[in-house]
Structures are given as C-alpha cells and as structure tokens.
Amino acid sequence: MIWTILSIIILLVVVYFVFVNFYPTFGGDVNEDRQRLYQSSSNYSDHKFRNIDASVPPDLGLSKTLGIAYKFLTTKVPNGSPSHDLQVQKVNKKILKEQDSTQLIWFGHSAFYLKMNDKSILIDPMFGKVAAPHPWLGANRFNSELPIEIEDLPSIDAVIISHDHYDHLDYDSIIALKDKVSHYYVPLGVGVHLEAWGIESSAITELDWWQEVTLGDIQLACTPAQHFSGRKIGAEQSTLWSSWVIQNETEKLFFSGDSGYSDHFKAIGNQYGPFDLALMECGQYNELWSDIHMMPEETAQAGKDLNARAIMPIHWAGFKLALHDWRDPVNRVTTAGELLNLPVITPQIGDVIHLDDTASAYGQWWK
C-alpha cells in the first residue's frame with residue numbers, strides 16, 4: 001500500500017513538472033540576470049517582490065493552503081454563479097474608431113477597452129473562458145459572448161497589465177491580440193511571460209512602483225497595490241503587481257488591479273488625485289484572504305482615500321473565484337458608497353462609459 005501511494009505521488013509530481021515545462025500558459029521564468037536587475041527595486045528582496053507591509057501575504061504553509069483549497073472546492077455557495085449566461089451590450093467596431101472623447105468599455109471582471117487622446121488601450125485584457133492554465137481547471141466565465149470579438153478590435157496602441165494571475169494575464173488572449181498591439185506596459189518581471197509567448201522585448205516596458213512613462217500625450221504611472229503574484233509552484237512573488245494611473249492634461253483615471261486595503265490608496269490619492277473615476281477591485285473576497293482582496297466596504301473607503309469623484313466596482317461579474325453570492329460585491333459596495341457620499345457607477349458589460357459623464361445612472365441589471 002505504501003509503495004502504491006508513493007508511486008501515485010511520484011507520478012503526479014512528474015505529470016505536474018512535464019505539464020508546467022511544456023504547456024505554454026504558465027509563461028516564462030525570471031532568470032538570474034533579471035533578478036540582479038531587480039535588486040535595485042526597494043520592493044525586491046531575497047529573490048521575491050514584497051508588499052509595503054512585508055508580512056502580507058503571510059506564509060500559510062502547506063496544511064493551511066490545502067485547507068483553504070479544500071474549503072473552496074467543497075463549499076456550496078448559493079447563487080455563486082448566475083443562473084443564466086450574462087447578456088452583454090454588443091459594441092459596433094465603428095463606434096470604437098469614431099470616439100472623440102475619453103471612453104471605456106467593460107468586458108467583465110477587470111478587462112477594459114479605453115480610448116483616450118486618440119489612443120486605443122486595453123487594460124488586463126483577459127478574454128478567455130477560464131481563469132486557469134487549462135480549461136479543465138476552472139469554471140467558465142459568466143458571459144459566453146464578449147461585447148466585441150478580438151478580431152473586430154482596432155489596432156491597439158498599448159496593453160496595460162496589473163499582474164500575472166490567470167484572471168488578468170491570459171495566454172490565449174495575448175496570442176490573439178499579438179498582431180494588433182504596439183506596446184505593453186507591465187510591472188517588473190511580467191515581461192518574462194510575454195517574451196515566452198513571442199512578444200519582442202523591445203515592445204515591452206517594465207515599471208517599478210511610482211515610475212512613470214508617456215504614451216503620446218498620456219501619462220502612465222505604475223503605482224502600488226497590496227497583493228501577490230505567481231503562475232506556478234515555485235514562482236511565487238517572482239514578478240511585481242501594481243495599480244495604474246492613466247491621465248491626460250484634463251482627466252485622471254485610476255485602475256486598482258488586485259489589492260487588499262492599506263495606506264497606499266491615500267499615498268496615490270495624495271500624489272495623483274483627484275480622479276475622475278477609479279476602477280476598483282470589488283469581488284472574489286473572503287475574510288481568509290482579506291489582506292490581498294478588499295471587502296466591498298473597504299473598496300468604497302479606498303475610493304474616498306484616492307479622492308475619486310466616482311468609483312466603478314470591477315473584478316466581479318466574470319468568474320467564480322470566491323465563496324460569495326456573485327451579486328454580493330455590487331450590492332454591498334453600492335450601499336457603502338451611499339454611506340460615504342461616494343457615487344458608484346454600475347454599467348453593464350459592454351456599456352460605453354464616458355469619463356466626462358460619470359454621473360449617468362445605470363440600471364441594476366444584475367437583479
């Protein structure tokens with residue numbers, strides 16, 4: 001019996017390492033040359049990137065990690081996913097070319113198309129069905145259709161990535177977009193995945209927290225988040241995670257990426273605020289991992305810390321990655337926003353969002 005169990009364990013280990021080394025979705029590895037380069041970052045120590053609070057995320061150990069995984073896989077969540085496929089507002093590709101003001105289109109979860117100063121930008125363009133390295137390892141996204149298919153998108157001036165988790169950086173989406181995209185802006189280390197997938201290093205700009213770069217008349221700033229990274233065992237925290245500030249001469253947009261609540265929101269607000277709109281993570285939370293994903297009430301407070309004129313909850317209505325009712329994030333953050341006198345906009349997937357008109361009312365389509 002012991003030999004049988006050992007044989008099974010050995011077989012599983014072998015299968016895993018073969019899978020990781022030959023299946024492209026896992027991306028690349030940060031080599032020693034890049035590690036030496038990242039030593040100059042104040043966020044990098046002992047071959048890993050760190051949060052401002054270095055105790056986050058805590059080292060749970062194997063037993064606690066397996067316990068959380070077991071709870072996630074075995075807990076039945078009432079209304080954890082929609083009872084039917086989410087309908088989206090379809091977008092005509094001509095509209096994307098005719099936009100003359102700053103506009104956004106939400107693809108669900110954390111993916112956006114942004115048109116600003118005649119530049120077409122994609123933010124965390126995860127358009128795939130499953131937020132996992134293989135379709136067998138995750139549930140399908142809530143919307144089977146996209147507002148517009150990838151082949152109908154115009155040429156993309158820039159792709160902005162917040163971190164390397166599967167629900168934000170998707171292999172199939174990057175491959176499908178490759179011939180359309182001029183440049184990629186990513187936190188330190190994330191470029192290794194893009195290079196592994198055939199993107200030229202000259203088309204990738206890696207940034208540390210608080211570093212800035214210009215895209216025509218647009219300024220991009222890579223700003224802090226409280227999260228973590230890694231696409232496979234042994235690569236934890238090998239790449240950096242971030243939020244982003246996107247601004248032109250008159251408008252400011254904030255994208256939170258994934259983050260727990262901490263003082264970095266006030267620091268970003270002091271440095272770059274006020275914001276016309278903040279796209280704020282609100283979903284896939286649990287008290288067990290609240291240090292790396294905000295609870296909805298914290299999302300609203302973070303919007304106040306940023307000095308945002310309005311916030312939009314994101315990181316929900318896409319995938320079931322936590323143990324809450326799929327509608328819980330938007331209901332709770334809307335209530336919290338009212339208590340804080342902070343406008344919360346809730347467009348449907350595919351709605352065109354005008355940055356100069358965030359006071360527009362959106363229906364409670366999720367109900």
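**Overall fold and local features of the predicted model**

The protein chain holds nine helices and 15 strands, where helices (H or I, at least four residues) and strands (E, at least two) are DSSP runs numbered from the N terminus. Its radius of gyration is 20 Å, close to the 21 Å that the globule rule gives for 367 residues, so the chain is as compact as a globular protein of that length. Here the radius is taken over C-alpha atoms, and the globule rule is 2.2 Å times the number of residues to the power 0.38. This is a predicted model, in which local features need pLDDT of at least 70 and side-chain atom pairs count only at pLDDT 80 or more, while totals for chains, interfaces and linings use all residues. Residues are numbered from 1 along each chain as its sequence is written, and side-chain values use heavy atoms, with hydrogens and water left out.

Along the principal axes, the C-alpha atoms of the protein chain fill a box of roughly 65 × 45 × 40 Å. Of the 367 residues, 54% count as buried; buried means under 20% relative accessible area, exposed over 50%, and partly exposed in between (1.4 Å probe, protein chains only). The accessible surface comes to about 16900 Å², and carbon and sulfur atoms contribute 52% of that area. These areas come from the Shrake-Rupley method with a 1.4 Å probe, and for residues only the protein chains shown count as cover. Among contacts with a separation of 6 or more, 71% are between residues 24 or more positions apart, a contact being heavy atoms within 4.5 Å.

As for charge, the protein chain carries 27 positive and 45 negative side chains, and the centres of the two sets lie 4 Å apart. Lys and Arg count as positive and Asp and Glu as negative, with His and the chain ends not counted; each charge is placed at NZ of Lys, CZ of Arg, CG of Asp or CD of Glu.

The UniProt record, an unreviewed entry, places the feature "domain: Metallo-beta-lactamase" at residues 121-316. UniProt positions are given in the numbering used here, feature names are shortened, and annotations may be inferred rather than shown by experiment. Over residues 121-316 the chain is 16% helix and 21% strand, with its end C-alpha atoms 21 Å apart.

Val 213 sits in strand E9 (residues 212-215). Leaving aside neighbours within four places in sequence, Val 213 is in contact with Tyr 185, Leu 207, Ile 218, Gln 219 and Leu 220. Tyr 185 is 28 residues from Val 213 along the chain, and their C-alpha atoms are separated by 9.1 Å.

Two cis peptide bonds deserve a look. One runs from Val 56 to Pro 57, with omega near -10°, and Pro 57 belongs to the loop between strand E2 (48-49) and helix H3 (61-74). Another joins Gly 273 and Pro 274 with omega about 0°; Pro 274 is found in the loop between helix H7 (264-272) and strand E13 (277-281).

Asn 79 has phi near 60°, lies in the loop between H3 and helix H4 (93-98), and counts as partly exposed at 42% relative accessibility. Asp 118 has a phi of about 65° in the loop between strand E4 (112-116) and strand E5 (119-123), and at 64% relative accessibility Asp 118 counts as exposed.

Finally, Gly 363 is found in the segment after strand E15 (352-354) and is partly exposed, with a relative accessible area of 48%. The C-alpha atoms of Gly 363 and Gln 348, 15 residues apart along the chain, are separated by 8.3 Å.
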